[in-house]
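Please read this account beside the sequence and the 3D view. It goes from the chain as a whole to the ligand.

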Amino acid sequence: MTASNDPIHVALDRGLRQLAALGGDCVAQANSIGAILWSPPRVVVVGRLKAGKSTLVNALIGAPVAETAALEATNVVTVYQDGAPSRAEVVGLDGTRRPAALGPASGVESPLFAGDIAYVDRWLPSAALREQTLIDTPGLSTLTVANDAATRRVTIDGFEQTRSASVDADAAVFLFDAAPRADEIEFLNRLPFTPLTTLGVLSRADSFGEGAWGRRDPLDHARQHAVRLAARLGDVVSEVVPVSGLMAQTSHTGMLTERHAASLARLHGVGRLDVLRIFDSADPAAGPIPPAERVELLGLLGEYGVLNGRGIAAGGGAAALNAWLADRSGLAALRRALRASTTRFAVLHRAHRILARLDRLAFDHPARDHIRTIAATLRADPALLPVTVLEDYQRMLDTDPQSPVTDELRTILTATGPAGRVGLAETTPPGEIAVRAQRLLAAAQQRTLATRSAAEDAALVTLIRIYTMLATGHQPPRNIPTP
Ligand SMILES: Nc1nc2c(ncn2[C@@H]2O[C@H](COP(=O)(O)OP(=O)(O)OP(=O)(O)O)[C@@H](O)[C@H]2O)c(=O)[nH]1
Ligand SMILES: [Mg+2]
């Protein structure tokens, strides 16, 4: 579904035109809010120090733009978005913007100290970034307190009272290379997302468990472990996808050349233990390739790639090796998961941000009465009902996650048709759907007599609206553009 026929987009666009028609500075306000509507949803990549975040961001973008170093940690939040020319702007903690020069290795030469930066806006032409803006963050860690704070500041509402410096993300990709720690889960719970807008990534899958030299294939092992983790982390993430960011980066950014493949091919036929010995040694006589090339190959392929890519490089050169790396990296599955869930619901979150901006204007602008009418009309529009459901779900997760109301909201959000919204199989005949909706409607009405929170009050209004439509045979609007 394109922007022009997505009912949510059409409704919001209409509302913003009405805002602009009020004249004066409302034109600029409408343009500024409209920029959100016309830009892709924003996905923030978060996780522990050195989990492989920047490497994965490069792989997803398809260009090695984020710095990834074994020793240097990412210390500023960077927002990667599609745009030309390639350029950067540094946003200070006070909200001011300054252009920044790009260094030789496409790094940003910042005019401010890292501690004074909220985030860096970085534009580059990229088809991948047309689908979603990607936000790389410094790792969460008690060891690098300043970097940890830099991430929390721009992602958590109200953290250090720096809301103006927020990066306004719509969804998160959460990386961990082992079971997530309690403080990481706590951080995720403070982000304004739901499990539907948070995707788990088991990173560095190529070195999982005993690693490349162990008895089990680490990628297979990681895949099995990801299934167990997904079951355990169901309250925080929609899915857990195992990925080797390193193999994905090397194969998706054009880093691999015929020279690398030829060098690796010379190890074809060498025994596993001898390969280990060669890569462990700095002695030029230890193997058929010089030490500098060993380091280079390890940096590009990792131990798993070196060990298992030898025969492939010997048989089919760089093209075959690249295809194998891409296939084994798990990036295709990650992209699928991102499209199927995360960005699908991120589009609703983006609509929520637009409505929130209108609500704020309706509160403090001189034309507040007119703006309030525009906002109220939008909220009453059936096309925007899924956005309200997401907002209610988010509030219920914060206040009463175990409530059946929370479950019902999630069921409605994830359903693909009317039967699914009342918890029935999509093949159910319409009559039965209406009967079930009637029963759920009665239960929701009964619940309004003794609610436990303001969030529940609001959620029940939404549920009653939806069940009434379904009970009378009316279709609530299709949720969201399905992929
Ligand atoms: N074997 C292997 N190494 C990886 C993988 N992903 C990243 N690395 C290596 O791990 C190191 C850190 O990777 P980064 O991508 O910089 O990690 P990060 O999470 O951005 O680190 P910080 O920004 O410092 O928190 C680099 O040396 C990468 O080459 C992976 O999937 N497999
Ligand atoms: Mg990094």
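What follows describes the overall fold and then the ligand site.

This is a predicted model, in which local features need pLDDT of at least 70, side-chain atom pairs count only at pLDDT 80 or more, and totals for chains, interfaces and linings use all residues. Residues are numbered from 1 along each chain as its sequence is written, chains are lettered from A and ligands numbered from 1 in the order in which they are written, and side-chain values use heavy atoms, with hydrogens and water left out.

The chain has 18 helices and 10 strands; these are DSSP runs numbered from the N terminus, helices being H or I of at least four residues and strands E of at least two. Along the principal axes, the C-alpha atoms fill a box of roughly 80 × 55 × 40 Å.

Around ligand 1 there are 18 residues, counted when one of their heavy atoms lies within 4 Å of the ligand. The closest are Lys50, Lys53, Thr55, Thr74 and Asp206. Helix H3 (53–61) and helix H8 (245–252) each supply at least two residues of this shell, and H3 gives the largest share, 3 residues.

Some polar contacts (pairs of N or O atoms within 3.5 Å) can be located. A polar side-chain atom of Lys53 is 2.7 Å from an oxygen atom of ligand 1. The side chain of Asp206 has an N or O atom 2.7 Å from a nitrogen atom of ligand 1. At Gly245, a backbone N or O atom lies 2.9 Å from an oxygen atom of the ligand.

Terms used. Polar contact = N/O pair within 3.5 Å; in protein donor to acceptor, adjacent residues only side chain to side chain.
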